[in-house]
Amino acid sequence: MGQEAQIAASDIAQALLEVTGNALMTGDFEAFKSAFHVPQKMATLAGPIHMETVEDMERAFREMCQHFKVIGLTEMIRTCVAAEYKSPALVESTHVAELLRNGKRLNEPYPVFSTLQKIDGVWKVTGSEYALDPMNGQALALKKADASHRPNEN
């Protein structure tokens, strides 16, 4: 690591949570995509999600924003509860997410495990595992990132 000071792993994770959370609340896909590396693998309790392109990611982003609108989401609280460097350019983190409408919980808080990598000098999410029931609206929205959900190109 040389002379460069190392940022706390939890600060890196929390900063990415802030960027992505604000982007989801405001519908800002450009800000959202700046925090992710493509391709990547995600997962929910329904199984793996293979996100291969930015278009795959945008499809899930739009579905999540729509889901949050439908459920009346007014606040998203995501807090890093653990983060650890695995190498100078790799952090593994866990955060807990809670969705609220006017101060009332819309769900039980759920954990998310993420892999964060420093790519070309920028920290990015390169994979996530969401402890979401397969029929949860957010899990269904995330599933739209899977390459199998691409429109036919014929």
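Biologist: Which residue in β6 is the bridge partner of Glu92?

Modeller: The partner is Thr115. Please note that this is a predicted model, in which local features need pLDDT of at least 70 and side-chain atom pairs count only at pLDDT 80 or more, while totals for chains, interfaces and linings use all residues. Residues are numbered from 1 along each chain as its sequence is written, and side-chain values use heavy atoms, without hydrogens and water.

Biologist: How many bridges are needed for two strands to pair?

Modeller: DSSP must find at least two bridges between them; strands are DSSP runs of E with at least two residues, numbered from the N terminus. Here β4 (residues 90-101) pairs with β6 (residues 110-119) in the antiparallel sense over eight bridges.

Biologist: Which strand is joined to β4 by 11 bridges?

Modeller: That strand is β3 (residues 75-87), running antiparallel to β4. Two residues separate β3 and β4 in a hairpin, and Thr79 faces Val96 across the pair.

Biologist: Where is Asn102, and what is its phi?

Modeller: Asn102 takes a positive phi near 50° in the hairpin of β4 and β5. Asn102 is a residue other than glycine. Strand β5 (residues 104-105) pairs with β4 through two antiparallel bridges, with Leu100 opposite Arg105.

Biologist: Is Asn102 buried or exposed?

Modeller: Buried means under 20% relative accessible area, exposed over 50%, and partly exposed in between (1.4 Å probe, protein chains only). Asn102 counts as exposed because its relative accessibility is 64%.

Notes. Helices (H or I, at least four residues) and strands (E, at least two) are DSSP runs, numbered from the N terminus.
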